[in-house]
Each structure stands twice: as structure tokens, then as C-alpha cells.
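Please examine the sequence and the structure shown below before reading on. The paragraphs after it are meant to be read beside both.

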Amino acid sequence: MASQTAPLVSLNQAGVSRAGRWLVRGVSLSVGRGEIVTLIGPNGSGKSTTAKMALGIVRPDEGEAIRHKGLVVSYVPQKVSVDWTLPLSVDRFMHLTGRVSSGDALRAMEATGVTHLRDAEVRNLSGGEFQRVMLARAVARKPDLLVLDEPVQGVDFSGEIALYELIGRIRGELDCGVLLISHDLHIVMAATDRVICLNGHVCCSGTPTAVASSPEYRRMFGAPAAQALAVYEHHHDHTHLPDGRVRHADGSVTDHCHAEDGHHHHHGDAHGHGSSREGRDA
Amino acid sequence: MLDDFFVRALVAGCGVALIAGPLGCFIVWRRLAYFGDTLSHGALLGVALGLLFEIDLTIAVFVVSALVSLALLTLQRRASLSSDALLGLLSHSALALGLVVLAFMTWVRIDLMGLLFGDILAVSKTDIALIWGGGAVVLGVLAAIWRPLFAATVNPEIAEAEGMQPDRANLVFMLLMAGVIAIAMKIIGVLLITAMLIIPAATARRFAGGPELMAILAAAIGAAAVSGGLSASLNWDTPSGPSIVVAALCLFVLSLTPLAGLADIVRARRAGRG
């Protein structure tokens with residue numbers, strides 16, 4: 001499913017710094033038509049920031065973000081809170097950033113299972129219901145590029161699987177590119193073409209391998225990940241300290257873990273830090 | 001018909017209400033009440049500068065209000081103060097500067113009460129033309145930027161990602177606000193314009209099923225408040241601005257009573273059927 005033509009969106013060594021600290025740095029990725037790219041990584045690893053760079057919400061402070069011109073983009077952010085003063089029904093929300101035909105809106109709502117909520121006020125929805133509504137709105141726009149930031153948070157387990165299947169199906173139907181942020185790696189992986197593991201920088205990226213038993217992987221994403229459909233081999237050669245610095249295998253400490261600092265030990269195309277929980281996520 | 005001062009005031013006041021209603025909805029949704037206050041206090045500085053340089057007062061007020069909102073945008077990006085502190089700073093500095101400049105101009109005799117609280121007697125046919133002409137422009141522009149502005153109100157990031165250019169919509173919205181304040185100043189007075197923006201919108205919230213309906217309802221409720229307030233002003237010789245605001249407040253209180261609960265029942269029934 002790799003794209004033969006130019007990618008819909010690509011980041012080239014892009015990074016964002018705030019108040020003198022790099023939120024994320026040196027990210028290169030591209031999303032092509034019909035491709036699902038998944039970003040994984042612990043809290044604060046720069047997943048959302050990376051997605052926002054790809055969308056043009058955040059301008060990269062170094063490197064570049066290139067989007068294909070005239071793309072129809074749909075975005076499901078991680079957090080949306082609707083002010084109670086806003087009289088906003090689900091039906092009206094479907095047309096938020098552009099008119100979609102009522103047929104498309106209805107089909108999308110059917111697909112995510114929220115047709116019965118059509119006339120409900122958005123602010124009265126539960127977390128999971130609102131998540132489904134946001135996904136329906138994103139899909140109804142028939143996007144070229146779909147960016148989903150933790151799209152199934154708050155959705156019950158069986159619904160979660162159904163929604164991921166839906167995302168895979170939409171990719172097939174619309175031939176759109178999908179940039180997905182998730183921590184539920186073990187469910188997402190089935191339909192994912194490429195995984196990018198972030199932790200302030202790209203730890204590893206590539207096609208997922210179907211190995212479930214890696215202890216490093218289990219340590220990073222918890223015990224349920226043992227049934228994972230695909231994982232990376234994580235040989236951690238460095239640890240992220242709480243202050244953002246990095247301790248390397250040889251015991252030295254540096255400000256970041258870029259390849260050019262001479263501390264990075266690559267293991268083929270897969271490397272990373274299984275023990276990241278000791279670092280930023282602690 | 002327009003020869004009667006009361007009819008003139010009514011026509012002018014309703015014109016203001018029709019513009020203030022929809023814009024006021026955005027003020028309520030975006031929690032910008034204090035921003036409206038700041039702009040209208042800046043209006044007094046506009047009046048003072050207009051008199052000093054002998055330019056049309058409406059234009060002077062529009063320019064100063066627009067400059068105040070641009071100053072706010074710039075300061076928000078640069079300064080380390082919070083938004084409300086910045087707003088307070090701009091608001092009261094502009095008000096004080098305006099009053100000081102006015103006091104210096106001893107050769108100008110100005111009805112300060114009329115400026116602060118509005119004056120129905122002062123409404124001329126030119127004012128009416130300005131209110132309805134300017135109002136049509138404001139509402140036309142608002143209609144044109146409605147979707148991006150509303151999308152940016154719900155969620156700026158979705159709006160930005162999906163190509164709605166929320167920054168542009170926000171800038172246009174601020175200019176519209178400056179325009180409304182310049183237009184409404186004569187009727188409501190600079191101290192109470194924000195009330196005309198907020199109270200009808202807050203009253204409409206209870207009955208509105210959607211944002212567009214809320215904007216229309218707010219305009220209608222504002223017009224009702226203007227009619228009631230101006231009648232009271234005529235009867236009891238009260239200043240027009242405060243009278244209109246009191247009338248709007250009465251409508252708001254009425255919307256909280258059980259009488260208004262009927263609207264909820266009707267809506268619940270409709271939803272049950274749908």
C-alpha cells in the first residue's frame with residue numbers, strides 16, 4: 001500500500017521547542033495515499049505535537065512540514081471541550097467546517113453507531129459517545145488525510161476494536177492517508193502499515209513485525225500487549241531522565257539522544273528504549 | 001414618520017439590537033465579555049481624539065477600538081501578563097486617557113452623560129442611515145465568516161487543521177466588534193454596550209436549539225428590549241442606555257421563570273417524536 005506518488009504530508013527533521021526545551025525533535029515521516037501510519041510512545045513523547053506539525057497547527061521551529069496543496073483534511077483532536085453556552089447538536093456538529101451531504105453524514109454516523117444521538121446536544125454526550133461523533137464528523141468529510149489523536153479514548157473495549165476496523169475500512173474506501181496516534185498498540189497494529197515510535201525524537205520506524213513475546217515491548221506497553229499482533233524489538237541503549245537529559249548505556253549523560261552526539265547505537269532499523277517508563281513517563 | 005424623535009430612536013435602537021444580537025452570541029460563546037468592555041471604554045478615547053483632530057466621531061471610535069483590539073492581540077503574544085490583566089489595563093487606561101483629553105479641551109462643550117449612557121434625543125436621520133447601512137455591512141461580513149468563526153469558536157485546532165483559517169476570522173471579528181461599538185455608542189452609551197451584546201444572547205441561549213437560531217433570537221430579544229427601554233425612557237425621563245439594559249435584564253429574568261419552562265416542554269416533546 002505504499003504510495004508511488006508524492007506523499008500527502010511529510011515532515012523533514014522537524015522539531016518544536018517551547019521555552020528553550022525541545023518538545024520533539026528531528027522527526028521525519030510521511031503519510032501517503034491509502035497508508036496508515038501509527039505514532040506510539042509514552043506520555044509527553046511528542047505524539048500530539050508531531051501530529052499538529054503535520055496538520056500545520058504548530059509551525060516547526062526547525063526542519064519543515066510539507067503538505068500537498070488542496071488536501072481535504074479531517075482532524076480528531078485528543079481533547080475537545082464544548083462550552084456549555086454553545087447550543088450545538090450532533091447534527092450541526094457534523095457540518096462544523098464544511099457542508100457535507102445528509103446522506104454522507106448519516107452513513108458516517110451509522111458506521112460509528114451514533115445515529116440515535118443525532119438531535120442530542122454535544123455537551124451532554126459521554127466521553128465515548130463524543131469520540132464516536134467526532135470520528136463520524138471526520139469521516140463524513142471524505143478526507144484525503146485523516147489525523148486521529150487517540151480516537152477511541154473512553155470507548156468501551158468491543159467498540160474500540162470495531163472503530164479500528166472502521167478506520168481500516170475507511171482507508172480502503174476513500175483511499176485516504178491516516179495518521180493515527182494511539183497507545184493501544186496491540187489492537188491498532190493489524191491495519192497499520194508503518195509504526196513510528198516517538199520519545200522526544202523518532203526512536204524507530206518501519207513496518208511492524210509480528211512478534212509478540214518481546215519482554216522490552218511488554219515493559220513499555222504493559223502486560224496485555226503480550227497478545228500483540230506486532231511489535232518492535234526494543235533494545236534500549238539509553239534512558240530519558242525526568243529533566244529531559246539522556247543517560248546512555250555507557251553511563252554518560254547528554255542533553256538529547258541524536259545520532260550525531262555519538263552515543264546512539266543502532267540495531268538495524270529497530271532500536272529504542274523499553275525502559276522509558278523510568279524516564280519521562282515516570 | 002422619522003420626524004418624531006421617538007420613532008427615530010426606536011428605528012436606530014432596533015438597528016443596533018439586530019447587529020448586537022448575533023455578535024453578542026460570539027462574545028458569550030468565546031467568553032469575551034471583558035473584551036467587549038475594553039473596546040467600548042476605548043470608544044471614549046476615540047471620541048476625545050475625534051474632537052481633538054476634528055474628524056467624524058464614528059470613524060474615530062472605530063479606529064481607536066480597532067487599534068485597542070490589535071494592541072491586545074500583540075500584547076497577548078508578547079507580554080507575560082494574563083489576558084484579563086491586559087484587558088483591565090487597556091480598558092481603564094483608554095477610559096482615563098479619554099476623560100483627561102476631554103477635560104483639556106475646554107473649548108469643547110460635550111455632553112459626557114450622553115456619551116456614557118446614550119442619548120435618544122441626539123439620534124438624527126444621518127445616524128439612522130449610518131446604523132442601518134453600517135449594520136448591513138457588519139451582518140453581511142459576519143454571515144460571510146460565520147462558518148470559520150463558529151468552527152474556531154468550537155475548536156480552533158480543528159478549524160486550523162481543516163483549512164478554516166481561524167486567525168483571519170478572528171481578526172475580522174475584532175474589526176466587526178469595533179464597528180458595532182462605533183455604531184452603537186450614541187444609542188446605548190459606551191459604558192453599557194457590552195450589556196447589549198451579552199444580555200440578549202444569554203436570554204436566547206435557553207430557547208435556542210442551534211447557534212444560528214440563537215443569533216436570530218438574540219437579535220429579536222434585543223429589539224424587544226430596545227422598544228421597552230425607550231418607552232420607559234420617554235415615560236419616566238430616564239437615560240436611554242440604562243433603560244434599554246434594564247428592559248433586557250427584565251427579559252432575561254423572565255426567561256428564568258417557570259413561564260419560560262414551557263419552551264423546554266415543547267422541545268422535549270419534539271425531540272421525543274423525532
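This is a predicted model: local features need pLDDT of at least 70, side-chain atom pairs count only at pLDDT 80 or more; totals for chains, interfaces and linings use all residues.

Residues are numbered from 1 along each chain as its sequence is written, and chains are lettered from A and ligands numbered from 1 in the order in which they are written.

Chain A contains seven helices and 12 strands; helices (H or I, at least four residues) and strands (E, at least two) are DSSP runs, numbered from the N terminus. Of its 282 residues, 47% count as buried. A residue is buried if 20 or more other C-beta atoms lie within 10 Å of its own, exposed if 12 or fewer, and partly exposed in between, with C-beta atoms placed from the backbone. Among contacts in chain A between residues at least 6 apart in sequence, 68% join residues at least 24 apart; two residues are in contact if their C-beta atoms, placed from the backbone, lie within 7 Å.

One part of chain A is an open sheet of three strands in the order 2-1-4, with antiparallel pairing; two strands pair if DSSP finds at least two bridges between them. Strand 2 (21-31) and strand 4 (62-67) of chain A are the edge strands, each pairing on one side only. From one strand to the next, the twist averages 25°. Strand 1 (residues 9-18) of chain A pairs with strand 2 of chain A over seven bridges. Within strand 2 of chain A, A:Val27 stands opposite A:Ala14, and A:Trp22 stands opposite A:Ser17. These two strands, 1 and 2 of chain A, form a hairpin with two residues between them, and A:Ala19 in the turn has a positive phi of about 50°. Strand 1 of chain A also pairs with strand 4 of chain A, over five bridges; there, A:Glu64 is the bridge partner of A:Asn12.

The two chains also meet. In contact are 20 residues of chain A and 21 residues of chain B. On the side of chain A that touches chain B, strand 5 (residues 73-76) of chain A gives the most, with three residues. That side divides into 12 nonpolar, five polar and three charged residues; Ala, Val, Leu, Ile, Met, Phe, Trp, Tyr, Cys and Pro count as nonpolar, Asp, Glu, Lys and Arg as charged, and the others, Gly among them, as polar.

The largest nonpolar core has 156 residues, and those with the most contacts inside it include A:Val147 and B:Val180. Such a core is a set of buried Ala, Val, Leu, Ile, Met, Phe, Trp, Tyr and Cys residues joined through C-beta atoms within 7 Å. Beyond its neighbours within four places in sequence, A:Val147 is in contact with residues including A:Val73, A:Tyr75 and B:Ala161.

In chain B, an unreviewed UniProt entry places the feature "transmembrane region" at several spans, among them residues 6-29, 41-73 and 171-201. Residues 6-29 of chain B are 100% helix, with end C-alpha atoms 34 Å apart. Residues 171-201 of chain B are 87% helix, and their end C-alpha atoms lie 21 Å apart. B:Leu67 lies in helix 3 (residues 57-78) of chain B and counts as partly exposed because it has 15 C-beta neighbours inside 10 Å.

Definitions and conventions: UniProt positions are given in the numbering used here, feature names are shortened, and annotations may be inferred rather than shown by experiment. Axes are lines fitted to C-alpha atoms, for helices over the stretch in contact, and angles run from 0 to 180 degrees between N-to-C directions.
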